[in-house]
Amino acid sequence: MTPIQYCYVKVKESKSNFTLAFYFISKNRRDALVSLYAFCREIDDIVDNTIDLEVATAKINWWKDEITRLFHSTPQHPVTKSLLNRSEEHTSEL
């Protein structure tokens, strides 16, 4: 599964009506919004689904480190890999 495919699955699992609007924009913009929304879902799922404060804190700290890796072009998670890919595509369009 590619990073963008992972993001689409993550967004679909959210069952949000908000994402319906994504299908009225270009594929490049839709992929970018899906990637960003998948990131938001990842973080929100930690808050919603993690009962133990120490576990939640560790997960959030991992994501903080992952954002640093993203800005250094070395992300590990499919969502941040997709965000990096969207950034690279946008840069090549300029």
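Let's start with Trp63, which is buried, with a relative accessible area of 6%; buried means under 20%, exposed over 50% and partly exposed in between, using a 1.4 Å probe and protein chains only. Before going on, note that this is a predicted model, where local features need pLDDT of at least 70, side-chain atom pairs count only at pLDDT 80 or more, and totals for chains, interfaces and linings use all residues. Residues are numbered from 1 along each chain as its sequence is written, and side-chain values use heavy atoms, with hydrogens and water left out.

Trp62, by contrast, is partly exposed at 31% relative accessible area. Rings of Phe, Tyr and Trp (its six-membered ring) count as a pair if their centres lie within 6.5 Å, with planes under 30 degrees apart called stacked, over 60 edge-to-face and the rest tilted. The model has three aromatic pairs by that rule. In one of them, the rings of Phe22 and Tyr37 have centres 6.2 Å apart and planes at 85°, so they meet edge-to-face. Phe22 sits in the loop between helix 1 (3-14) and helix 2 (27-49), while Tyr37 belongs to helix 2, so this pair ties together parts that are 15 residues apart in sequence. Phe22 and Tyr37 are both buried. Trp62 and Trp63 make another edge-to-face pair, at 5.1 Å centre to centre with 90° between the planes.

Now for helix 3, residues 53-71; helices here are DSSP runs (H or I, at least four residues), numbered from the N terminus. Its 19 residues reach 27 Å from first C-alpha to last, close to the 27 Å expected at 1.5 Å a residue. Which residues of helix 3 are buried? They are Ala56, Trp63, Glu66, Arg69 and Leu70. These cover an arc of only 130° around the axis, which puts them on the same side of helix 3; the arc is taken from the directions from the helix axis to the C-beta atoms. On the other side, Leu53, Glu54, Lys64 and Phe71 are exposed.

What about the ends? Asp52 caps the N-terminal end of helix 3, with a side-chain oxygen 2.8 Å from the backbone nitrogen of Glu54. After the helix comes Ser73, whose phi is positive, near 60°.

Finally, hop over to Arg86 in helix 4 (residues 78-93). Arg86 counts as buried, at 12% relative accessibility. Leaving out residues up to four places away in sequence, Arg86 touches Ile4, Asp31, Ala32 and Ser35, where contact means heavy atoms within 4.5 Å.

Methods:
Helix = DSSP H or I, 4+ residues; strand = E, 2+ residues; numbered from the N terminus. Expected span 1.5 Å × (residues − 1). Polar contact = N/O pair within 3.5 Å; in protein donor to acceptor, adjacent residues only side chain to side chain.
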